[in-house]
Amino acid sequence: VRYLFRVKNLAMVDEIINAVLVCQERKWGMLIVMEGEVGLKHIKEKSASINARVSSELLVSIFNPTSPLHDGAVIVRMNTIICAGAYYPPTEQLDIPKSLGSRHRAAIGISEVTDALTIVVSEETGKISVAINSYLDYDITKEALLLYLEISVGIEPSIVCIVSTAFNFLTDLVSFKNVDTDLLLSGPGKAEPINSIVPDGPNCESAYVSVLVASAVLLRYTT
């Protein structure tokens, strides 16, 4: 049973990754919410019911700019797309960069009140981001997204994925300016919002969540 559960989740993760990469290449905006233990009933009630198995083809078709549902979010529960065209009030944080659009702000808003993992693809830049626990990990790699999804669905991440994510984090970190390393290493319970931690430099909203997740999984994997 555990093996079948892992296979199903791996297949779902692959479908989501493939869809995200297609939308990234085409610069189609995307907002996928991976439901956690906190239900999203209040969001689903105002959306279009789908109740279909997760597939890259369906996700890409939903976020096609010609689709009437492309502006809203897709909510995924287990291996099923529950609904599409879902809308959620954006975050009220005042320190969000103006360059971030409505999808990013909605993703952060969702992460502030639920334990959901939300994936964003920017229609302006094609960059991939993830929002979780009130943080936005901006402009992440395919490997980092894979790591987030594997953890989200309960799959033990591969050591290759962990090392790749950690390497990308360190590569980004050496190019940052004005980074307060004490804040970066203070942990999620003490840290300030990411935008105030790394206000300048390339990919300024990325890395904090990535390194925490990668470090936690690496410790678990090696102990």
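In the predicted model described here, R26 lies over the face of W28, 4.9 Å from the ring centre; a charge is taken to sit over a ring if NZ of Lys or CZ of Arg is within 6 Å of the ring centre and within 35 degrees of the ring normal. Residues are numbered from 1 along each chain as its sequence is written, and side-chain values use heavy atoms, with hydrogens and water left out. Because the model is predicted, local features need pLDDT of at least 70 and side-chain atom pairs count only at pLDDT 80 or more, whereas totals for chains, interfaces and linings use all residues.

The secondary structure of the chain amounts to nine helices and seven strands, where helices (H or I, at least four residues) and strands (E, at least two) are DSSP runs numbered from the N terminus. Of its 223 residues, 47% are buried, that is, under 20% relative accessible area, with exposed meaning over 50% and partly exposed in between (1.4 Å probe, protein chains only). The chain exposes about 11,300 Å², and carbon and sulfur atoms supply 57% of this area, as computed by the Shrake-Rupley method with a 1.4 Å probe, only the protein chains shown counting as cover for residues. Among contacts (heavy atoms within 4.5 Å) between residues at least 6 apart in sequence, 59% join residues at least 24 apart.

Strand β5 (residues 117-121) is largely enclosed by the rest of the structure, since five of its five residues are buried. Both of its faces are covered: L117, I119 and V121 are buried on one side, and T118 and V120 on the other. Strand β1 (residues 30-34) runs antiparallel to β5 and is joined to it by five bridges, pairing of two strands requiring that DSSP find at least two bridges between them. In this arrangement, V33 stands opposite T118 in β5. Strand β6 (residues 128-132) also pairs with β5 in the antiparallel sense, over four bridges, and V121 stands opposite I128 in β6. Six residues lie between the strands in the hairpin of β5 and β6, where G126 adopts a positive phi near 80 degrees.

In helix α5 (residues 142-152), the buried residues include A144, L145, L147, Y148, L149 and E150. The helix is followed by G154, whose phi is positive, near 85 degrees.

Cysteine residues were also examined. C23 is buried at a relative accessible area of 0%, and C83 is buried at 2%. A search of the whole structure finds zero disulfides, a disulfide being a pair of cysteine sulfur atoms within 2.5 Å.
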